[in-house]
Structures are given as C-alpha cells and as structure tokens.
Amino acid sequence: MDYVEFKKNIYDLTHIDLNSYKERQMKRRIDALIAKNKFTGYENYVKAIKTDTRLFEEFVNYLTINVSEFYRNPEQWRNLKNEIYPYLIRTFGKELKVWSAACSTGDEPYSLVMTLADFIPLRQIKIVATDIDKQVLEKAKAGLYNQKSVSGLPDEYRDKYMTKIGANNYQVKDEIKACVEFKQHNLLKDEYPSGFDMIVCRNVVIYFTDEAKTEIYKKFYKSLKSGGILFVGSTEQIINYRDLNYESVKSFFYRKK
C-alpha cells in the first residue's frame, strides 16, 4: 500500500481528508508514528488501527496539532478586549454567539469566557467550542492545566477563575466550564453551524493547503452574521481577505461585510 492508498483508507475509516494537509509534513509525522509502534508499512498499520481502539485514538490524536495555551499572543487578546468586544456588544448586544473552532484542549474558549466576563455576566456567556479530536475535547472538559499552559494568563484571571491543584497545576472553576459547550467537529468535512457574532480559529489553518484554507474562510463567512468578526492566529493573516468579502478591522481580526 502506498501513501495515496493509505490516505483513501484513512478517509474511509475516519473521514479525515489527508489531502487537505501539507503532504511532506504530514507524511513525515505519520511515518514516525508507524515506526514508533513498530509496524512495517501502511497496510499493516491500517489493519491494526481498524481493530485496536487505543491505536486508532492515538492516530487521530497524532494528526491534530495540540499546541495550546491560555491568552496566546497577549497583544491580540488586549485588542480583543479593548476594541473588538465593545464593538460586538454595541452591534449585537450582550447575548453574543461565539464559536471557538479547532479549540484543542480548551485553553482558548476558557480564555474567551474569562475576558468576556469583564463585560457580560457569566450566566449570559455561551461559547460553542469544537475540535476534531475526541481526546483533546475530553481534556478540555476536565479543565486541568499545567503551569506552562497558564503562564501567559493575567494573574487577575488565574486567581479569580482557577483553583491551584498541587504545585504546578490549575483547575478551571465550574462557573467558567458551564459557559462552554464542547462538540466534535471536522472543519474539512462537517456542516458548519451558523448565526455567529464572532468566530475564533487560531493557529490551525496554517497546517492546511491554500485551497483548504480558502474553503474554510468561505464557510466561516457564511457562519457569521453580517458585521460579525473572524479572529485568526498570529501566523495566519488572510492575504486575499477582500476577495472573500471580509474587511480588515485590525491585524488578525476580519469583519464580514
């Protein structure tokens, strides 16, 4: 079995389309995983993940890039707080509908809740948070993080909304967890939910081909209300945003025209 056939098998098994990922980078990661598990070739590995739940979950987990931390790129979060939230509240009111797409281990949606709580009572905050990976969603729901994950979070939020567990870990308080609804979702395959005032999708599409990126941004456009905001990662400025009918509000923030 060659890599082309392997990709077809994986799509049949998981509905993850490996053609949408940069091939050299992804193939190298997969080959390393197969070698680590001491399999020879794609065919034997595919047979194994069809029958071994642990191997299957490990494979899906391995495909997802889980580099996540609270308040990543602090300047962008300051812009979100100082300019974007006030704009959203002026435009749409306080019942904001927010989607954290490809949320990984939950650091981002919980950061959104903590910062929004400066403007809106917690009982009114509802974030939809999605990821393709069941394992990271389970971690997200647990809300337990190490020192490194929370090191960028301002002390005021950490002290108010997290409980220290042991020497180096922090647990998100239940009142913050209650504001986030976690769901499994595949950005490349699944239907997109709609009617959002803001969509946050950061540090994920960098791993996709240009064609896949454009498709995702078009789908986000449809998911946003008119005037809604798309917040992207620090390496993901949308060069062709005008062609996609967005306008640039500030670096990494785009508004649906």
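**View 1. Asn203 sits in the loop between strand 7 and helix 11 (210–223).** Helices (H or I, at least four residues) and strands (E, at least two) are DSSP runs, numbered from the N terminus. Asn203 isn't a glycine, yet its phi is positive, at about 60°. With 14% relative accessibility, Asn203 counts as buried; buried means under 20% relative accessible area, exposed over 50%, and partly exposed in between (1.4 Å probe, protein chains only). A word on what you're looking at: this is a predicted model, where local features need pLDDT of at least 70 and side-chain atom pairs count only at pLDDT 80 or more, while totals for chains, interfaces and linings use all residues. Residues are numbered from 1 along each chain as its sequence is written, and side-chain values use heavy atoms, with hydrogens and water left out.

**View 2. Asn245 also has a positive phi without being a glycine, here about 75°.** Look for Asn245 in the loop between strand 8 and strand 9. Its relative accessible area is 34%, so Asn245 is partly exposed.

**View 3. Seven strands make up an open, mixed sheet in the order 6-2-1-7-8-10-9.** Two strands pair if DSSP finds at least two bridges between them. Strand 6 (180–184) and strand 9 (246–250) are at the edges with a single partner strand each, so one side of each has no neighbour in the sheet. From one strand to the next, the twist averages 25°.

**View 4. Strand 2 (residues 126–131) and strand 6 run parallel, joined by five bridges.** Pick out Asp131, and you'll find its bridge partner, Gln184, in strand 6. Helix 7 (residues 134–142) packs on the sheet here, touching strand 2 and strand 6, and its direction makes about 165° with that of strand 6. Axes are lines fitted to C-alpha atoms, for helices over the stretch in contact, and angles run from 0 to 180 degrees between N-to-C directions.

**View 5. Ser194 lies in the loop between strand 6 and strand 7.** Setting aside neighbours within four places in sequence, Ser194 is in contact (heavy atoms within 4.5 Å) with Lys97 and Ser223. Ser194 and Ser223 are 29 residues apart along the chain, but their C-alpha atoms are separated by 4.0 Å. Ser194 counts as partly exposed, at 47% relative accessibility.

**View 6. Helix 6 (residues 107–116) is mostly covered, with 10 of its 10 residues buried.** Among them are Asp107, Pro109, Tyr110 and Leu116.
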